[in-house]
Amino acid sequence: MSTEIGFYNYDIYRLDRSTQTSLHSRCGGVFIAIRNNRHSKLIKIENNNLEILFSLIKISNLTIIIGSAYIPNNTKHTQHKIGRA
């Protein structure tokens with residue numbers, strides 16, 4: 001899968017655009033590319049309303065969480081709730 005978008009030696013976590021998150025049915029979405037010499041895994045988020053991904057990366061004794069999100073221009077900031085702390 002990573003080779004089709006030109007990334008070699010990377011783990012790709014990808015969420016393609018869907019009709020649940022957009023009025024458009026093709027192109028778009030979000031992805032995270034992490035060198036495959038790093039330990040990483042996808043963090044599953046149960047939200048069908050947003051194009052959003054999170055990944056956990058372990059580097060030496062550090063644990064890092066990174067995210068990628070697309071929020072359309074016409075979305076109000078109060079329209080979506082990801083979760084509660």
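**View 1. Overview of the predicted chain.** Of the 85 residues of the chain, 24% count as buried, where buried denotes under 20% relative accessible area, exposed over 50%, and partly exposed the range in between (1.4 Å probe, protein chains only). The model is predicted, and local features are therefore given at pLDDT of at least 70, side-chain atom pairs at pLDDT 80 or more, whereas totals for chains, interfaces and linings use all residues. Residues are numbered from 1 along each chain as its sequence is written, and side-chain values use heavy atoms, with hydrogens and water left out. The chain contains 0 helices and 5 strands; helices (H or I, at least four residues) and strands (E, at least two) are DSSP runs numbered from the N terminus. Along the sequence, the pattern is β-β-β-β-β.

**View 2. The open sheet of β3, β4 and β5.** Three strands form an open sheet in the order β3-β4-β5, with antiparallel pairing; two strands are taken to pair if DSSP finds at least two bridges between them. Because β3 (39–43) and β5 (62–70) each have a single partner strand, they stand at the edges, and one side of each is left without a neighbour in the sheet. On average, neighbouring strands of this sheet are turned by 20° against each other, direction ignored. Such angles are taken between axes, which are lines fitted to C-alpha atoms (for helices over the stretch in contact), and run from 0 to 180 degrees between N-to-C directions. In general, strands of a sheet pair through backbone hydrogen bonds, either parallel or antiparallel.

View 3. Strand β4 (residues 51–59) runs antiparallel to β5 and is joined to it by 9 bridges. Among the paired positions, Leu 53 has Ser 68 in β5 as its bridge partner, and Ser 55 stands opposite Ile 66. Ser 60 is placed in the loop between β4 and β5, and its phi is near 55°, a positive value in a residue other than glycine. With a relative accessible area of 74%, Ser 60 is exposed.

**View 4. Surroundings of Ser 55.** Ser 55 belongs to strand β4 and is buried, its relative accessible area being 0%. A polar atom of the Ser 55 side chain lies 3.1 Å from the backbone oxygen of Lys 41. A polar contact is a pair of N or O atoms within 3.5 Å; within protein, one must be able to donate a hydrogen and the other to accept it, and residues adjacent in sequence count only if both atoms are side-chain atoms. The C-alpha atoms of Ser 55 and Leu 42 are separated by 4.5 Å, although the two residues are 13 residues apart along the chain.

**View 5. A nonpolar surface patch.** Leu 62, Ile 64 and Ile 66 together form a nonpolar patch on the surface, with about 220 Å² of accessible area. Ile 66 lies in strand β5 and counts as partly exposed, at 30% relative accessibility. Accessible areas come from the Shrake-Rupley method with a 1.4 Å probe, and for residues only the protein chains shown count as cover. Patches are made of residues with over 30% relative accessible area and no salt bridge, with like charges joined within 9 Å and nonpolar side chains (Val, Leu, Ile, Met, Phe, Trp, Tyr) within 5 Å; a salt bridge is a side-chain nitrogen of Lys or Arg within 4 Å of a carboxyl oxygen of Asp or Glu.

**View 6. Asn 9 and Tyr 10.** Asn 9 is found in the segment before β1 (10–16) and has a positive phi near 65°. Tyr 10 is found in strand β1 and counts as partly exposed at 27% relative accessibility. The C-alpha atoms of Tyr 10 and Asn 36 are separated by 4.7 Å, with the residues 26 residues apart along the chain.
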